[in-house]
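This report covers selected local features of one protein model. The sequence and coordinates come first, followed by the text.

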Amino acid sequence: MIASFGGSGRPPTPRTARFTVRLAVLATTVALGAVGVAVSATPSSAAACNGYVGLTFDDGPTGNTGALLSVLRANNVRATMFNVGQNVQGNQSAARAQVDAGMWVANHSWNHSHMTSMSQSQMQSDLSQTNSAIQSATGVRPQLFRPPYGETNSTLQSVASSLGLRQVIWDVDSQDWNGASVSQIVSNAGRLQAGQVILMHDGIQNTRDAIPQIMANLNSRSLCPGMISPSTGRAVAPDGTPTTPPTGTPTTPPAGGGCTATATYPNVWGDRYNTSVTVQGAGNWTVVVAVTAPQKITTTWNGTASWDSSGYVMTMRSNGSGNTFGFTTMMNGNSGARPQIRSCTAS
């Protein structure tokens, strides 16, 4: 997935429910082609939001950041901006404008390199330098990190964690980096569910043009843009309080069952992702997991798996390999869904 936008010559990466804000414009300044706006943000009635989603924009700031912020403000949107360190250093006024407009700023590496090919010390230097640039420009220290291209491994996750950064990938890919039309971007965003995060990019005209329709769709479903929780990586209300349990929360132990299962997603690629499930409360257990068609589980480990007749519901039983099992799921065109843990029983 390589493309060039905004004359940067650098490929953008692939990859908050809604929070409605009233933006009171206090001052406007124009510097280096970016518009800075000081605002106060007041949440709408909580009753209007049945869930929150994370709207995210990668690869900024760019020469079009001012235009993006204008569209976001016009549609009462707060979003998370995953910024590239060298871009922040080169356009500090645009980075400040993001925060002034009520957006959240986050770390997207120093220069969008393939970080999994770096040494641990190089990863540390890259993320630290980016944190410093963002904090210097905006006064805000990032709490979230999105790896370039969505490429990650255990070393990179460990380094990010040591710097106080929560890694965030995405649930829905808008495909704006791939030349998607306005209608395609709107359609992709229509798959967003409460707690989920969508990948979009700074600097793309079609993305800016799609925002009013994206918001109309979310409004029709009582979803509001929110922040991404540094604790869970899921979209929550701007005060940090989730209205729906995020994907990956433990299942409720069934009566007499005595175990819980918690899912996380350590690896996400363009066509597939890994799920890791940790069981607590039982040494011998049975966990039932369902995936959404047309997704398909292709590989499993650390357990004995069987499927129902549909092929979409998997029963995993402990096999002596410990209390954590995993599996790989092919997206098959559905990048937004994630597996549902239906039950965990002690056996």
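Pro294 is located in the loop between strand E17 (285-290) and E18; helices (H or I, at least four residues) and strands (E, at least two) are DSSP runs, numbered from the N terminus. The peptide bond that leads from Ala293 into Pro294 is cis, with omega near 5°. The model is a predicted one, in which local features need pLDDT of at least 70 and side-chain atom pairs count only at pLDDT 80 or more, while totals for chains, interfaces and linings use all residues. Residues are numbered from 1 along each chain as its sequence is written, and side-chain values use heavy atoms, with hydrogens and water left out.

A cis peptide bond also joins Gly60 and Pro61, with omega about -10°. Pro61 belongs to the loop between E5 and helix H1 (65-74).

**Sheet with E18**

E18 takes part in an open sheet of 4 strands, ordered E15-E16-E21-E18, with antiparallel pairing; two strands pair if DSSP finds at least two bridges between them. The edges are held by E15 and strand E18 (296-301), each with a single partner strand, so one side of each has no neighbour in the sheet. On average, neighbouring strands of this sheet are turned by 25° against each other, direction ignored; the axes are lines fitted to C-alpha atoms, for helices over the stretch in contact, and angles run from 0 to 180 degrees between N-to-C directions. E18 and strand E21 (residues 324-330) run antiparallel and are joined by 5 bridges. Within E21, Thr329 is the residue opposite Ile297.

**Disulfides**

A search of the whole structure gives 2 disulfides, a disulfide being a pair of cysteine sulfur atoms within 2.5 Å. Counting bonded cysteines along the chain, the pattern is 1-2, 3-4.

| Pair | S-S distance | Torsion about S-S |
|---|---|---|
| Cys49 and Cys224 | 2.0 Å | -90° |
| Cys259 and Cys344 | 2.2 Å | about -125° |

The link of Cys49 and Cys224 is left-handed. Cys49 and Cys224 are both buried, where buried means under 20% relative accessible area, exposed over 50%, and partly exposed in between (1.4 Å probe, protein chains only).

The disulfide of Cys259 and Cys344 is left-handed as well, because its torsion is about -125°. It links distant parts of the chain, 85 residues apart: Cys259 is in the loop between strand E14 (235-236) and strand E15 (260-268), and Cys344 is in strand E22 (residues 340-346). Cys259 and Cys344 are buried.

**Helix H5**

Which residues of helix H5 (residues 154-162) are buried? They are Leu156, Val159 and Ala160. These residues lie on the same side of H5, because they cover an arc of only 100° around the axis, the arc being that of the directions from the helix axis to the C-beta atoms. In general, an α-helix has 3.6 residues a turn, so residues three or four places apart point the same way. Ser154, Ser161 and Ser162 are exposed on the other side of H5. Among what covers the buried residues of H5 are helix H4 (120-138) and strand E8 (144-145); contact means heavy atoms within 4.5 Å.

The N-terminal end of H5 is capped by Asn153, with a side-chain oxygen 3.2 Å from the backbone nitrogen of Thr155. A polar contact is a pair of N or O atoms within 3.5 Å; within protein, one must be able to donate a hydrogen and the other to accept it, and residues adjacent in sequence count only if both atoms are side-chain atoms. Gly164 follows H5 and has a positive phi, near 75°.

**Loop residues**

Tyr149, in the loop between E8 and H5, has a positive phi of about 65° although it is not a glycine. Tyr149 counts as buried, at 15% relative accessibility. Ser109 also has a positive phi, near 80°, in a residue other than glycine. Ser109 lies in the loop between strand E7 (104-107) and H4, and is buried with a relative accessible area of 0%.

Arg234 is found in the loop between strand E13 (227-228) and E14. With 9% relative accessibility, Arg234 counts as buried. The side chain of Arg234 reaches the backbone oxygen of Gly195 at 3.3 Å.
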